[in-house]
Each structure stands twice: as C-alpha cells, then as structure tokens.
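Let's take a walk through a protein together.

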Amino acid sequence: MAAPCNLSGSCIPSLFKKYLMALTGFVMVGFVLVHMMGNLQMFRGPDAINQYAHFLKTLPGALLWGMRGFLIVAIGVHVWMAILLTKENRAARPQGYLKQAVVRATWASRTMGLSGSLLLFFIVFHVLHFTTRVIFPEYQMEDYYTILEGDVVFNVYQMVVDSFSKPWVTGFYLFAMGALCLHLSHAVWSMFQTLGWTNKRTRPMLKGLARVYGWVIFIGFVVVPLGVISRILPPMMGDEEVIILSIEAEPFDSESL
Ligand code: HEM
C-alpha cells in the first residue's frame with residue numbers, strides 16, 4: 001500500500017526531498033547574491049540605493065508579489081525538507097556510525113540545523129526591520145522620505161545608516177552574516193553532491209568554490225554595517241552639518257562681534 005501523503009512527507013522519496021532541498025537552496029543562493037549586489041549601491045551614495053529600492057518597490061504588483069511569493073515558498077519547502085531529511089537520517093543512523101560521522105564531519109556541516117534556524121529567525125527579524133519597519137516604527141515617519149528626481153521616495157540609505165548606528169543591531173547582523181557564511185559554504189557543497197557533480201577529481205575544486213562563495217557573500221554583506229560604523233557611509237545629514245546649518249540659521253547679531 002502506498003504511504004499516505006501528508007505533512008510528514010512519507011510519500012515523497014528521499015532522493016526527491018534532496019532534489020527539492022537543492023533546488024530551493026539554489027533559489028536562495030541566487031537571491032542572496034543579487035540582494036548583496038543591490039546593497040552595495042549604498043557605496044554609490046544615497047541617490048543610487050534610494051533609486052534602486054524605489055525601482056524594486058514600484059515594479060508591477062503581480063511581478064513583485066510573484067517574486068516574494070516564490071521566495072516564501074522556496075524558504076518554506078527548504079525548511080520542511082530539512083526537517084524531514086534530518087528525521088530520516090536520525091532514524092536510519094546505526095549507533096556505531098554516529099561516532100565515526102561526527103569525527104569526519106566539518107563544523108559547518110554539523111551546525112547546519114543551528115545556522116539554518118538562526119537564519120530563519122534573522123529573515124523574519126530583517127523583514128520586520130527593513131520591509132514592514134515595525135521594529136523601529138520611526139522609519140515609517142515622514143523624516144525618512146526624501147526627494148529624488150522630483151519624486152518623494154523612501155530614504156533607504158538613511159534607514160540603513162541609522163539602523164547600523166545602533167551597536168546591538170550591527171552586532172546581531174554581523175553574527176547572522178557569520179551564520180550565513182557557514183551555512184552557505186556547506187550548503188553549496190551539498191548541492192553539488194546532490195546534483196552528482198562530485199567525484200575524486202572535482203571534489204577539491206567544488207569544495208573550494210562553495211567556501212569562496214560563502215566568504216564572498218559574507219564580505220559583501222558585512223561591508224555595509226562596517227561602512228556605517230567606520231563612517232565611510234556617513235548619515236545624509238551628519239551631526240556636523242546639522243550644527244553648521246543651525247548656526248547659519250541664527251539671525252545675524254552684530255553686537256556679538
Ligand atoms: C547587511 C546585510 C543586509 C542589509 C543591509 C540588507 C538590507 C535590506 C533592505 C534595506 C531591505 C528593504 C528594502 C526595501 O524595502 O526598500 C531588505 C529586504 C530584504 N532582505 Fe535584506 N539586507 C541584508 C541581508 C539580508 C540577508 C542575508 C537576507 C537573506 C538571507 C536578506 C533577505 C531580505 C529579504 C527577504 C527582504 C525583503 C524583500 C522584499 O521586500 O520583498 N537580507 N534588505
């Protein structure tokens with residue numbers, strides 16, 4: 001009799017689960033790369049990042065929500081398959097093998113569940129932080145809007161700078177990007193294995209490639225918070241400018257000379 005098909009996924013063959021995991025992982029691998037490159041617009045100045053964010057926000061609704069929906073489904077399926085495969089592996093693993101596998105496994109591979117759970121938490125936090133802006137409701141105020149080529153647009157640049165001026169936010173992001181680097185470096189390698197691309201000859205090269213990818217993504221993301229704390233990415237209106245402007249705004253008093 002065929003296994004009942006429900007959330008336990010018992011009707012899905014293990015190999016198919018692995019393929020689903022690799023495919024949804026690939027969607028996210030692509031997303032983080034594009035997102036990282038988009039974030040680097042911060043270094044081209046406020047107008048560049050604000051224009052880029054405005055362009056994304058004003059995409060036709062069906063396209064924007066189609067992409068968001070696709071990403072949400074990919075994350076959901078990825079997490080679901082991860083849970084099912086972990087359960088299957090635990091059930092199938094003989095006791096003796098356990099010790100041996102732990103010795104051979106890398107730190108990244110052993111902590112996949114932990115880094116993945118942290119990333120899931122990070123993504124929820126991040127969307128509430130930068131997209132819906134409920135964590136810091138001040139980002140919903142009109143101070144965070146600016147004029148760009150005659151249009152009133154949301155000032156993403158200022159929001160990012162103000163966010164990373166809070167040490168706990170920067171600390172949390174740096175920690176989460178570390179987890180992302182660790183997760184990706186094993187995940188990309190694992191994806192190559194699922195696709196059957198790994199053999200004695202390709203193994204060192206593909207392992208290296210996965211590691212390099214993890215580091216590229218890590219560096220590409222952390223340069224933004226680091227740019228803010230080092231003031232390479234200054235506030236749009238820095239404290240000094242506010243002081244100068246307020247001094248200039250004072251009525252001229254000739255007696256004070
Ligand atoms: C330093 C690191 C990061 C920065 C500065 C950053 C910045 C941003 C900003 C500013 C937005 C909102 C754009 C807007 O609504 O105008 C955003 C959205 C988002 N980010 Fe990030 N991000 C970072 C890392 C990540 C990572 C590592 C992931 C995934 C693992 C991620 C996933 C997302 C998602 C899913 C959205 C929502 C996109 C949407 O609105 O549809 N971000 N990010």
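How many helices and how many strands are there in the protein? The protein has 10 helices and two strands. Keep in mind that what you're looking at is a predicted model. If you start at the N terminus and follow the chain, the elements come in the order α-α-α-α-α-α-β-β-α-α-α-α. The protein has 257 residues, and buried ones make up 18% of them. Now think about contacts between residues at least 6 apart in sequence: 74% of these join residues at least 24 apart.

Next, let's see how some of the helices pack. Take α8 and α9: their axes come within 8 Å of each other and cross at roughly 165 degrees. An angle over 145 degrees counts as roughly antiparallel, so that is what α8 is to α9. The crossing of these two helices is right-handed. If you sort the residues in the contact of α8 with α9 by class, you get 19 nonpolar, three polar and two charged ones.

α6 passes α8 in a left-handed crossing. Which residues meet there? From α6 come Met112, Ser115, Gly116, Leu118, Leu119 and Phe122, while α8 brings Ala176, Ala179, Leu180, Leu182, His183 and His186. By class, this contact of α6 with α8 has eight nonpolar and four polar residues, with no charged ones.

α6 turns up again when you look at the ligand. The ligand is surrounded by 19 residues, and the closest are Ala53, Phe130, Thr131, Phe221 and Val224. Several elements give two or more residues to this shell: α1 (14-39), α2 (46-57), α6 (112-131), α7 (156-163), α8 (167-194) and α9 (203-229). Which of them gives the largest share of the shell? That's α6, with six residues. Sorted by class, the shell around the ligand holds 13 nonpolar residues, four polar ones and two charged ones.

Is α7 mostly covered or mostly uncovered? Mostly covered: six of its eight residues are buried. Those buried residues are Val156, Tyr157, Gln158, Met159, Val160 and Val161. Among the things that cover them are α2, α6, β2 and α9.

Most residues other than glycine have a negative phi. Arg133 has a positive one, near 55 degrees, and it isn't a glycine. You'll find Arg133 in the loop between α6 and β1 (145-148). Arg133 counts as partly exposed because it has 17 C-beta neighbours inside 10 Å. The other residue is Glu149, whose phi is about 45 degrees, again positive although Glu149 is not a glycine. Glu149 lies in the loop between β1 and β2 (151-154). Why does Glu149 count as exposed? Because Glu149 has 8 C-beta neighbours inside 10 Å, and a residue with 12 or fewer counts as exposed.

Conventions. Residues numbered from 1 in each chain as written. Predicted model: local features only at pLDDT ≥ 70, side-chain atom pairs only at ≥ 80, totals over all residues. Near = placed C-beta within 6 Å. Helix = DSSP H or I, 4+ residues; strand = E, 2+ residues; numbered from the N terminus. Nonpolar A, V, L, I, M, F, W, Y, C, P; charged D, E, K, R; others polar. Buried ≥ 20, exposed ≤ 12 C-beta atoms within 10 Å, placed from the backbone. Contact = placed C-beta atoms within 7 Å. Axes fitted to C-alpha atoms, helices over the stretch in contact; angles between N-to-C directions. Parallel < 35°, antiparallel > 145°, perpendicular 65-115°, else oblique. Left-handed = near helix turned anticlockwise from the far one by under 90°.
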